[in-house]
Amino acid sequence: MLLFPLILTLVYINIFSGCNPGLLRDWDFPGSDNKILFSPDADHCQHLCTQEASCLFWAFIGPDCRVDNRHYHCFLKSTSSGSPTTQNPKQGTTAGYSLKSCNPLPIYEDVDFTGADYRTLFTADYQACQKACTEDPFCQFFTFINGKFSNTNIRYKCHLKYSWSVARTPAVTALADRISGFSRELQIIPSYQTACQSTLFPNINFPGYDFEVHQAGSPELCQVLCSAHPQCTYFSFVSNEFKCYLKNNPNQMVPKDGSGITSGLPSRSCPLKNKFHFCHLTMYKGVDFPYSDIRYFSLNDAESCENACTSDPNCQFYSFVTTSRLCYLKRVITMPAPPKVTNLANVVSGFTLRNYFL
């Protein structure tokens, strides 16, 4: 009589200890959603869960699902226990668990990665389109229209697409007992070279032409975000709100007086970091980066917290609480995720071959 409970116990231990790359087809983990994203398939959804700080397990609704029309939706999930609260069969749905080491994504035929275009060109085939994406430092994924597409005018057209590959803090707030910063291994630490500083204009606003707004801890970090986006021609940073306004207007740039606003140009010719130099300048005193915690523990000072973040390959940024001496390590998704995924005959979509899992 004890054999069946023992088997269940062994299965439970196997699933929840270590990396479990298995995919549970026609199965669902309902509830406990932290975030919902579009994804082309279950494998990609699993990688999104792996890069999300709080995600422990996930569920993906495939295009063949007949009981739920939220096709290509990826549900990132977690619970305090680390395991799903409920599990049940569900046709066309795949569920699984977070993992930390998985590799290349496939090509998706008759699937369109809709939106996020920043450049188009014509290529002979999808392989040449993928090569163009891989060689373009801004390109994260692509859609290629093949020679059988219904509209003859756009056959062989290659759409290069962008999504953020630098770690962006989801929120920035002013708190007197906080010190925040980034891992020194992260390619977001801004350059403090004089040549790059000269492209910042204090108390100047460039009004209008905003296409994205992000949270940033300083004008230099806002400049990094502008430099990382192919459509950003200049930016304005509002210091009392920690808001970074990315702007696109290649034709004109009209300066206006703006107290507490620093504007500037992208510094794509400047290195994003010079390892282990200017490290003290990457600490933001009185600034908190809330949310996206991986884990926390006690340490003596902010320098030790920065060292802990730098030595942890999963940590991208941190916040240190000076009153409680607690160090919070954090990360966000930097893996490419299309804004939308749809079925479309005679197109091919895929991702850059650069290794974005590291």
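Predicted model: local features only at pLDDT ≥ 70, side-chain atom pairs only at ≥ 80, totals over all residues.
User: Why is T93 called buried?
Analyst: T93 has 1% relative accessibility, and buried means under 20%, so T93 counts as buried. T93 is placed in strand β5 (residues 88–97). Leaving out residues up to four places away in sequence, T93 touches L24, R25, D26, W27, D28, A59, F60, I61 and C65.

User: And C65, buried or exposed?
Analyst: Buried: C65 comes in at 5% relative accessibility, and the cut-off is under 20%.

User: How do you know that C49 and C55 form a disulfide?
Analyst: Their sulfur atoms are 2.1 Å apart, and a disulfide needs the sulfurs within 2.5 Å, so the pair of C49 and C55 qualifies. The link has -100° about the S-S bond and is left-handed. C49 is at 0% relative accessibility and C55 has a relative accessible area of 4%. With buried meaning under 20%, C49 counts as buried, and C55 does too.

User: How many disulfides does that rule give?
Analyst: Eight. Among them is C226 to C232, with 2.1 Å from S to S.

User: What makes the disulfide of C305 and C327 right-handed?
Analyst: The torsion about its S-S bond is about 80°, so this disulfide is right-handed. The pair links distant parts of the chain: C305 sits in helix α6 (residues 302–311) and C327 in strand β19 (residues 326–330), 22 residues apart. C305 has a relative accessible area of 0%, so with a limit of under 20% C305 is buried. C327, at 0% too, is also buried.

User: Why is Y156 called partly exposed?
Analyst: Y156 has 40% relative accessibility. Buried is under 20% and exposed is over 50%, so Y156 falls in between and counts as partly exposed. Y156 lies in the loop between β8 and β9, and its phi is near 70°, a positive value in a residue other than glycine.

User: Which residues touch the most other members of the largest nonpolar core?
Analyst: L160 and L246, in a core of 33 residues. Helix α5 gives the most to this core, with five residues. A second, separate core has 18 residues, including F60 and Y72.

How values were computed:
Residues numbered from 1 in each chain as written. Heavy atoms only, no water. Core = buried A, V, L, I, M, F, W, Y, C linked by side-chain atoms within 4.5 Å. Buried < 20%, exposed > 50% of the residue type's maximum accessible area, 1.4 Å probe, protein only. Helix = DSSP H or I, 4+ residues; strand = E, 2+ residues; numbered from the N terminus. Contact = heavy atoms within 4.5 Å.
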